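User: I am new to reading protein models, and I would like to learn how the words used for them follow from their definitions. Could we go through this one step by step?

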Amino acid sequence: MNAKPSETTPANPPRPAPRPIRIAATLILLRDGAHGMEVLMLRRAEKADDQNSGASVFPGGVVDTHDRSLHLMCKGLDDAAASARLGVAEGGLDYYAAAVRECFEEAGVLFVSDAEDRVVELDRLPASRLEAMRHAAEQGTDALLAMCDAQGWRLAVDRLAYFSHWLTPPGMPRRFDTRFFIAQMPAGQSVKPDGRETVEHMWLKPADAVHPDRGLKLMNVTRRTLEQLAAFESTASCMAHARGLAGIVLNMPRLADGPAGRRAVNIDEAAYQEIGRLDPHGNGQARYALEAGLAMQLSARVRRITGAGASSAEPGSNSYFVGGERGPWALIDPLPHGTAANELLRKAAPGEVRWLLSTAPRTEAAEEALESLRSSWPGAVVLWPAPGESLDLGGATLVALPGPGGTSAPALQFLLPEERTLFTGAADPTAVHAGNEVEWIAPASGFLLRHGA
């Protein structure tokens with residue numbers, strides 16, 4: 001069986017012109033239903049130029065430069081407190097005001113309080129008057145400001161709780177830096193999509209909204225948010241959780257390709273850190289799955305070959321070719337012994353292989369695994385260097401370091417100082433302690449990891 005590896009080479013493509021990032025705010029409406037907490041979902045209208053056409057979303061949109069004029073109409077929160085909550089120097093209240101405004105425009109739900117600090121029950125107003133008020137507010141922020149002032153209303157931004165912060169991945173046609181808020185659906189109000197941006201609404205339990213049988217088109221951020229919300233049984237518990245959050249971190253997924261096509265990879269997925277190193281601009285060179293037989297060019301000095309037992313959930317063994325511009329290559333951790341594996345490595349070799357190395361404890365089986373490769377590279381030398389010894393690869397250097405303890409036979413790790421990358425066979429690479437000289441960890445099984453991340 002001759003196995004020819006597929007190959008991905010993220011070889012320093014030209015950096016694309018940066019896409020403008022729009023500032024946005026989203027308001028997630030919650031209510032308690034007969035069977036648990038429910039969330040409001042709006043279906044976007046079908047539009048040819050909209051990357052989210054037909055998707056089910058939460059109310060929200062771009063923060064308008066005029067939203068700052070709504071500050072004087074906001075109740076219970078000033079800009080200093082809002083900015084501190086969101087971690088910005090100023091303008092934090094813009095996001096809260098925009099979330100309230102967008103919710104009114106898209107869903108017909110308005111968070112406003114009267115002079116007695118009671119949330120206004122819009123359903124008590126004549127339908128024609130309410131429609132006229134909504135139409136006027138849609139004309140611009142000034143109209144909303146005038147409407148609230150005339151009614152003696154204030155925007156009830158204090159009823160919103162900051163929940164999460166997301167940034168659209170690099171490489172997407174449009175990018176949004178969005179703050180997500182949650183709030184309990186106000187009593188005495190009804191949802192009514194605007195018929196232009198949103199054409200349908202539904203109240204669903206978060207777990208039901210993400211279930212495949214429901215068939216909703218969901219953006220990655222929407223799906224992930226719904227999965228978070230599914231952990232709460234009631235609106236009160238969810239609101240209490242959000243109000244108690246401290247130091248909300250930015251979530252920026254990254255685009256990558258794989259067996260199921262291109263998709264967003266989230267920060268808690270195994271491939272996330274590697275994708276950020278190989279393809280920070282979202283050009284499509286990185287992969288989210290360790291596919292059997294894949295030859296991945298991790299840098300000009302390093303090529304990784306993934307074994308036949310790999311999958312995105314249970315990665316197989318990785319082999320690494322390491323070399324410099326002016327010299328031969330070293331092979332670290334050859335794939336499990338066998339004719340197909342040897343042929344896979346032989347075809348993937350980027351040049352002359354002179355050294356065969358292993359991060360495994362030195363046992364008879366490990367020695368036999370290295371010796372078996374000499375049929376592919378008769379001139380190669382099997383090495384078990386002592387800690388501290390180094391190899392000159394002609395533009396690259398490998399330094400042998402002691403491996404993790406806990407085994408009867410000593411193991412090794414290899415440092416590539418030019419790239420601050422450590423090759424290790426540690427079962428838990430995140431627990432490797434190799435000093436400040438290591439920035440990246442290349443495990444014998446798994447994706448590249450940022451050391452200390």
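User: Which strands each supply at least two residues of the lining of the largest cavity?

Analyst: They are β20 (390-392) and β21 (397-402), where a strand is a DSSP run of E with at least two residues, a helix is a run of H or I with at least four, and both are numbered from the N terminus. The largest share of the lining, 3 residues, comes from β21. Before going on, please note that this is a predicted model, in which local features need pLDDT of at least 70 and side-chain atom pairs count only at pLDDT 80 or more, while totals for chains, interfaces and linings use all residues. Residues are numbered from 1 along each chain as its sequence is written, and side-chain values use heavy atoms, with hydrogens and water left out.

User: What makes a space in the protein a cavity?

Analyst: On a 1 Å grid over the protein atoms alone, a cavity is a set of points where a 1.4 Å probe fits but cannot get out, and its lining residues have an atom within 4 Å of a point. The structure holds 1 cavity of 30 Å³ or more, and the largest cavity has a volume of about 30 Å³, a volume being the space filled by probe spheres set on the points, which are joined across faces, edges and corners. Among the residues that line the largest cavity are L357, P385, L398 and F414.

User: Why is P361 called partly exposed?

Analyst: Buried means under 20% relative accessible area and exposed means over 50%, with partly exposed in between (1.4 Å probe, protein chains only). P361 has 26% relative accessibility, so P361 counts as partly exposed. P361 is placed in the loop between β18 (353-357) and α10 (364-372), and its C-alpha atom is separated by 4.1 Å from that of A411, although the two are 50 residues apart along the chain.

User: Why does A386 count as partly exposed?

Analyst: The relative accessibility of A386 is 35%, and therefore A386 counts as partly exposed.

User: How many of the residues of the whole protein count as buried?

Analyst: Of the 453 residues, 53% count as buried. The protein has 10 helices and 25 strands, and its C-alpha trace spans about 90 × 45 × 40 Å along the principal axes.

Notes
1 Å grid on protein atoms, 1.4 Å probe; cavity = no way out; pocket = protein on both sides within 12 Å on 5 of 7 lines; lining within 4 Å.
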